[in-house]
Structure formats: C-alpha cells, structure tokens
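Dear colleague,

Please find below the structure that I am handing over to you.

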Amino acid sequence: MASLFHFSPIISTVFFLITSCYALNQTPKPYIVYMGSPLNNTRDSAEIAELSHLRILSSIIPSEESERISLRHYYHHAYRGFCALLTEDEATLLSGDEEVVSVFPDPVLQLHTTRSWDFLGLESSYYSTSSSYHYSHGSSYDVIIGVIDTGIWPESPSFDDQHIGKVPSRWKGVCMEGFDFDKSNCNRKLIGARFYNIEDQESTFTKLPNVSTKIPSEPKGTPRDKVGHGTNTASIAAGGIVPNANYYGLANGTARGGLPSARIATYKACSEGNCQGSAILKAIDDAIKDGVDIISISIGRSFVFQTDFKDDPIAIGAFHAAEKGVMVVCSGGNEGPDPYTVTNSAPWIFTVAASTIDRKFQSTIVLGNNVSLKGSGISYNPTGRSRSRTYPLAFGENIPFHPSLTSQARNCMPGSLDAKRVAGKIIVCMNDDWTISREIKKLVVQDAKAKGLILIDEAEKSSPFDSGNFHFAEVGKLAGAKILQYINSSQNPLATIFPANEIRRFKPAPVVADFSSRGPATLTENILKPDISAPGVGILSAMIPKVDEVSSNLLPEKQSTSLFGITSGTSMACPHVTGAMSFIKSIHPTWSFSMIKSAIMTTATISNNLRKHLTNTSGLYSNPHEIGAGELSPIKALDPGLVFETTMNDYYKFLCYYGFKEKELRLVASKNYKNFDCPKNASTKKEFISDINYPSISIEKLKQNQGVVKVKRVATNVGSDRNSTYTCSTIAPPGLVVRVSPRKIAFVKGIKKASFEVSFDGKKASKGYNFGIIMWSDGSHKVQMVFAVNVE
C-alpha cells in the first residue's frame with residue numbers, strides 16, 4: 001500500500017499531462033484548408049464558394065460549437081480553400097478528405113526588412129531617351145504591380161499620378177475604404193487598395209494627413225500603412241520620379257522606382273510583426289483576380305519553420321499565379337550569413353538576395369585624446385540648431401546594475417545597466433549577442449538618459465542602423481579596441497559622435513549583405529536559390545511621415561518630418577527585381593515572365609566596381625548560394641540573346657519528382673493539366689528536379705564513385721538576329737569535369753529553340769559544393785548559366 005501511495009503522485013501527474021495535451025489538441029486555432037485548383041476551371045461566385053466551405057465545416061464541427069462554423073478567409077478564384085478555427089482532430093479529419101490537398105496551421109510570417117537604380121545602370125535619363133518607351137509618354141504595355149505588404153501611404157509624392165494615363169481597362173480591382181482612407185486616395189498611379197482585417201498599432205509620432213475621420217465599420221481596418229514597410233517596397237518597385245528626395249539631408253537625389261509609369265495595387269495583409277499566412281493567400285487570390293501582372297512579396301517564414309511547399313501559403317499562391325501568367329517575386333530572408341537559411345525557394349518564385357550599393361553612411365567619433373575613428377550609422381540633428389557636443393564615455397561592462405550582471409551589461413541587455421551611471425554619457429556596448437538587436441540596445445541606453453551609443457562589432461555589418469536623432473556609431477573590432485584602450489587608460493574619458501555623412505562612389509560595391517539569407521534551400525537542393533541579388537542596403541524610399549521625437553513638442557510649422565527613409569533588408573532587394581521585371585515587360589510585352597526571369601539571371605553581373613569578382617562582407621569571393629546568378633543588371637537583360645523558359649509543364653514535373661501523390665496532383669492541376677501524367681517512378685527520383693528547364697543548375701548529390709550526372713536544357717533565341725550560332729565555354733573548379741554537348745547551337749529562320757546536355761564528372765573534384773559557369777556566346781551576347789554541384 002505504501003508503494004502505491006508513493007507512486008500515485010507520478011500517476012496523477014502523467015494523467016494530468018495526458019489530459020492537458022488532449023485538451024490542448026482540442027483547442028480551436030486557425031487552420032488553412034488548401035483544396036487545389038477550381039473544379040473544371042469554373043470560378044464559382046463568392047457566395048457559392050462560401051456556402052460550400054461552410055457545409056464542410058458544419059459536417060465536422062459539433063452542433064454545440066456552431067459559432068465556429070464561420071470562415072476567416074476563403075479562396076475561390078485561382079485556387080480553392082479557406083481558413084477557419086479547427087481543433088487538431090478536426091484538421092486531421094479534413095486532411096483525409098479526397099478534395100483536400102493539405103491542412104496546416106495558419107502561419108505567422110515576417111516582414112523581411114535613390115541611388116540604387118543609378119547604380120544598376122538605369123539612370124533617370126533613360127526614361128526620356130529610350131525610344132517610345134520613356135516615362136513621359138508611357139510604354140507599350142501598362143504594367144500593374146500588386147504589392148502584398150503593410151499597406152500604403154497614398155499622399156507620398158512617389159504615388160502622384162501626374163503624367164500617367166487612364167487606368168487600364170483590364171483592371172478589375174477595387175479601392176476599399178477605411179476609417180482614414182477613401183476612394184479619393186486612389187488615383188491613376190495607385191489604382192487599387194485592399195485590406196484584410198489587420199489590427200494596427202498606432203504610432204505616437206505618425207503625422208496623419210488631413211482626411212475626414214470616419215466611424216470604423218466592419219470589416220475593421222484600413223489600406224493605410226502604419227508601419228512604413230509597404231510604402232517603402234511600393235515606391236522602390238514603381239514610385240514616380242521625385243527630385244530632391246532625402247532623409248534629413250542624407251542620400252539627397254531623385255527618388256524613383258524601377259518603372260515609374262507602372263500602376264500599383266496595394267494589398268494590406270500585414271501589420272507590424274503580424275503577417276497571417278491566410279491573409280497573404282487571400283491577397284494573392286485577389287491580386288490575380290484583379291488583373292495584376294506581377295506580385296511583389298517582401299515577406300516570408302523563418303527557415304526554421306519550413307516544412308513543405310504544401311504547407312507554405314506563399315508557395316501555394318505563387319504556383320497558381322504562375323498558372324495564370326502572373327509572376328511572384330519574393331525576398332529570400334534576412335537570416336544570413338549561415339547556409340541553408342534562404343526561404344521562398346519554390347522554382348516558380350523569383351527569390352532575391354540583398355547586396356550593397358556604392359554609397360556608405362559614415363559616422364565619425366572623436367575621442368578625448370583627439371583620436372578620430374570612422375564608423376557606420378545613420379543619425380541626424382532634426383533642428384539643426386546645436387552642434388555635436390562632447391560627453392563622458394563609459395563601457396557598459398564597467399557600469400552594471402549589479403556585479404553579477406557584468407557580462408549582460410557588456411552587451412547592454414535590458415535591466416543590466418546602472419541607469420544613474422549611464423545618464424549623461426556616451427555608452428560603449430559590444431554587439432556580439434545576436435539575440436539583442438541594435439534597436440533594443442539603443443532603447444536600453446536611451447531610456448537611461450544616455451547621450452549616445454557606440455557599438456563594437458566582431459564582424460563588419462553591411463546595413464547601417466538608423467538611430468534617428470540619437471547619437472550613434474558602429475565600429476569594427478580594431479576601432480573598438482582603440483576605444484576600450486582609451487577608456488581603460490583615461491581617468492576622465494570623453495567622446496564626440498558627429499552626425500552621419502554620405503560617401504558616394506564607395507568601393508567595392510556591390511557586396512553581399514551579411515544579413516542576406518544563403519542557400520542551398522532546405523526543401524530542395526536541386527534548385528539553385530537564391531536566384532538573383534539586388535540592392536538591399538541603405539536604400540532611400542518613400543516612408544510614412546513621422547514627427548521626430550525631439551521636434552514633436554515644437555509648433556507644427558517647426559516640426560521636423562521626412563517623407564523618405566533609409567532602409568535595409570531583402571525586403572528592399574525584392575522590389576528592385578519587381579521593378580526591373582516591370583521595366584523589361586513594358587518593352588517586351590510578348591515575353592512571358594519566365595522568359596524575363598531567365599533574361600535577368602543569365603545577364604547578371606558577377607563583378608564589382610573594382611572590376612573584380614563580387615565579394616561578401618568577409619572579403620571572400622561570393623558564390624551562387626549567396627548571390628544566385630549574380631547582381632541584377634536591367635539594361636543588359638533587355639537583350640539577353642537566349643532565354644531558358646521554365647513552363648508549367650516543368651513545374652508539374654517538379655511536383656512529381658518532389659513527391660506529390662497522384663491525388664494531390666489532380667487537385668492542384670488546372671483544367672489544362674488535368675491529363676498530365678508524372679514520369680514513371682517520379683516520386684522516387686528527386687534528383688530529376690535538376691533536369692527541369694531552369695536558368696541555373698543545381699545538383700544536390702554527385703558521388704565521386706557514381707560516374708556522370710547529366711542534365712538537359714532548352715534555349716530559346718530572342719535576339720534580333722534570327723540566324724545566329726552560339727558557342728559554349730565553361731568555367732569550373734579544378735577536378736570537376738564539365739562537358740556540354742553539342743558545344744555549338746545554331747538558330748536559323750523558323751528555328752527558335754535548341755537543346756543541349758551538360759554532364760558533370762566529380763571523380764577528382766573536391767568534396768562539397770563546386771560552383772562554376774556555362775557561357776554561351778554568339779559574339780555580341782554572353783549568356784551565363786551558373787551551376788552548383790555537391791560532390792560527395
């Protein structure tokens with residue numbers, strides 16, 4: 001009996017855990033139910049689709065919980081499905097339904113957060129000198145860009161509709177009204193606006209325009225951007241030409257997008273820190289229905305949470321967008337520099353990495369011993385009335401709140417510093433704890449009434465931190481060592497931090513951003529990702545106007561505001577590629593977006609402004625897992641010579657090789673591909689993914705004792721010369737044997753396509769990934785196809 005009583009608490013605990021887990025499994029939470037393409041290619045009305053989904057819910061949800069028989073979102077145009085509150089058991093039950101492809105929890109995605117277009121070779125003058133395609137007179141094709149993000153600030157001068165013609169007749173979208181946004185906020189530039197019940201966090205310092213305030217009505221929300229991210233990305237892709245744009249005097253110049261004449265439709269699916277996958281999936285469906293040409297999405301999941309393309313809202317929506325001829329461009333993520341961190345890696349998505357431009361924002365620190373040190377950072381004086389002052393200098397490690405917090409104080413972690421000893425000083429912190437952001441460190445010392453912050457980095461950061469009007473500088477370990485040595489050797493250490501200044505024509509550039517996520521892709525290494533690199537560091541773009549914290553107490557006419565901001569991230573790189581694709585589409589309206597994607601990839605540059613190979617922030621040569629095919633070069637992409645068009649047939653083969661079951665494929669397939677049959681034993685042949693007609697080559701496994709791996713590609717001649725012959729050359733690392741057959745491909749009138757085979761022999765190659773280039777040239781064009789081969 002004693003023994004029984006001795007174990008009974010354990011039994012009770014186990015029973016409690018089991019019942020708790022069961023109860024947890026039965027707690028309803030949002031799930032996305034993906035049901036593939038519309039049946040028989042018919043697009044049911046919204047009412048019929050909603051009723052059909054509600055019937056499904058009523059069949060699995062108990063009658064006593066009938067309040068759950070409702071839809072958060074439902075999809076019925078390019079694909080079928082819905083989002084609703086389900087228990088885990090109900091989700092499992094639905095996933096076994098013959099009409100369901102997948103059921104998965106509604107994920108929360110992350111925002112991946114101008115001189116740049118000049119740096120890419122697309123100067124303002126190009127729009128007024130390029131034949132009939134210049135900005136003032138419009139282009140031969142009116143491109144419509146859908147931006148799925150945090151909304152838009154319509155009053156920004158970047159979205160003025162001056163010099164823009166009538167809205168295209170094919171546009172079927174709407175301009176939804178919110179409590180601070182009405183139909184008059186849309187115009188010939190901003191032609192559409194939608195939102196999806198997004199809860200915004202109001203900013204204390206947001207300067208609202210003079211709009212009539214309305215009583216909020218259902219559904220709650222507004223297309224207006226309260227974060228700034230959506231306004232940034234929209235202006236980079238397609239902002240109008242705005243002279244004398246700057247951020248408190250920094251980065252002064254002409255702001256514009258890649259195609260200033262392009263139309264913008266905004267789809268607000270995110271607020272700050274909250275992007276529901278179900279809302280993004282709804283936004284993609286709406287954008288396709290509305291008639292956009294390109295969708296730009298600077299959002300994604302962390303690589304940690306990637307599981308399957310069937311559970312990825314962006315991958316699902318982008319696949320069906322490709323079926324409708326709509327290109328989806330996505331940021332690759334900001335979780336670098338480690339490998340296997342890139343996201344949005346499906347082959348039907350154009351995945352973008354981030355790089356620097358030839359501009360650097362430099363801050364200067366002068367120590368009390370008159371030693372001057374250079375750092376990076378963005379800071380400004382909003383009033384311009386006072387000069388930079390000298391303040392006492394202290395290292396966070398020397399002023400902890402308690403001796404036990406010394407190591408935390410070294411990194412200026414929250415709660416670690418003695419506020420009394422911080423006040424009135426410039427504080428020096430280490431930046432070697434990645435869990436604490438630069439913004440948090442700044443807030444920690446600022447709240448303690450410090451006068452400035454100096455961060456010391458072990459490795460150089462490529463993205464300058466915007467500290468607003470708070471004195472800030474970030475230095476490397478060498479300059480940091482001098483600062484710490486001065487503090488330790490001086491009885492009264494002092495320092496001055498001067499506001500940032502801009503250095504143009506900086507070299508080397510571009511450089512791969514340290515934060516930019518790297519390949520290979522975790523879901524499949526047989527597709528090379530990222531695809532391309534584009535400017536994503538220190539980009540001037542439209543911003544929601546904010547009253548500066550210092551000047552917010554001044555009279556309105558003396559308040560300091562800026563209509564532009566300086567931002568960094570693959571979020572900024574993505575709309576550069578969106579804008580470039582729009583620019584090319586406006587000049588080549590008959591090209592498919594797959595052809596344009598190929599043109600951009602095969603003409604990308606792999607050299608910097610020193611005419612040397614592109615590098616990363618460590619000074620090492622960059623490789624295709626960092627930059628994809630190379631740096632975006634829009635002008636060269638106008639005349640690529642050859643393109644490698646990836647068709648829907650290729651994408652369906654990809655699904656076969658990836659392991660989609662026949663039932664899933666039948667549901668996913670649109671009417672035109674219902675009779676598509678997978679190659680025999682395709683589900684066990686993932687290595688065949690390398691064989692789809694992609695503009696780059698990636699081979700996940702090439703065993704040294706296996707022999708040769710072969711892949712095939714089909715080239716299409718889009719050059720002006722219909723009679724041309726291309727000769728092949730290869731650049732490969734020592735030991736990797738690369739053979740191309742045939743080495744010459746000829747095009748004559750009436751023959752636009754030619755195929756070739758590439759074989760890789762790794763018997764003598766180094767183990768690990770080997771990178772190289774296959775080059776085709778006809779004397780006037782150079783067509784580059786990069787490859788990555790993993791030798792085992």
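Cys175 is joined to Cys186 by a disulfide, with an S to S distance of 2.0 Å; a disulfide here is a pair of cysteine sulfur atoms within 2.5 Å. The link of Cys175 and Cys186 is right-handed, with 85° about the S-S bond. Both cysteines lie in the loop between β6 (144–149) and β7 (190–195), 11 residues apart. Helices (H or I, at least four residues) and strands (E, at least two) are DSSP runs, numbered from the N terminus. Cys175 counts as buried at 12% relative accessibility, and Cys186 is buried at 14%. Buried means under 20% relative accessible area, exposed over 50%, and partly exposed in between (1.4 Å probe, protein chains only).

Please note that this is a predicted model, in which local features need pLDDT of at least 70 and side-chain atom pairs count only at pLDDT 80 or more, while totals for chains, interfaces and linings use all residues. Residues are numbered from 1 along each chain as its sequence is written, and side-chain values use heavy atoms, with hydrogens and water left out.

The count comes to four disulfides. Another of them is formed by Cys412 and Cys429, with sulfur atoms 1.7 Å apart; this link is left-handed, at -65° about the S-S bond. Cys412 lies in the loop between α9 (406–410) and α10 (419–422), whereas Cys429 belongs to strand β21 (residues 426–430). Cys412 is buried at 0% relative accessibility, and Cys429 is buried at 0%.

Cys656 and Cys678 also form a disulfide, their sulfur atoms being 1.9 Å apart. The torsion about their S-S bond is about -80°, so this disulfide is left-handed. Cys656 is buried at 1% relative accessibility, while Cys678 is partly exposed at 34%. In sequence order, the bonded cysteines pair as 1-2, 3-4, 5-6, 7-8. Cys330 is in no disulfide; the nearest cysteine sulfur, that of Cys574, is 6.1 Å away.

As to the chain in general, 56% of its 792 residues count as buried, and its secondary structure comes to 18 helices and 39 strands. The largest nonpolar core has 119 residues, and Ile148, Ile295, Trp348 and Met581 have the most contacts inside it. Apart from it lies another core, of 27 residues, including Leu642 and Val711. A nonpolar core is a set of buried Ala, Val, Leu, Ile, Met, Phe, Trp, Tyr and Cys residues joined through side-chain atoms within 4.5 Å.

With kind regards
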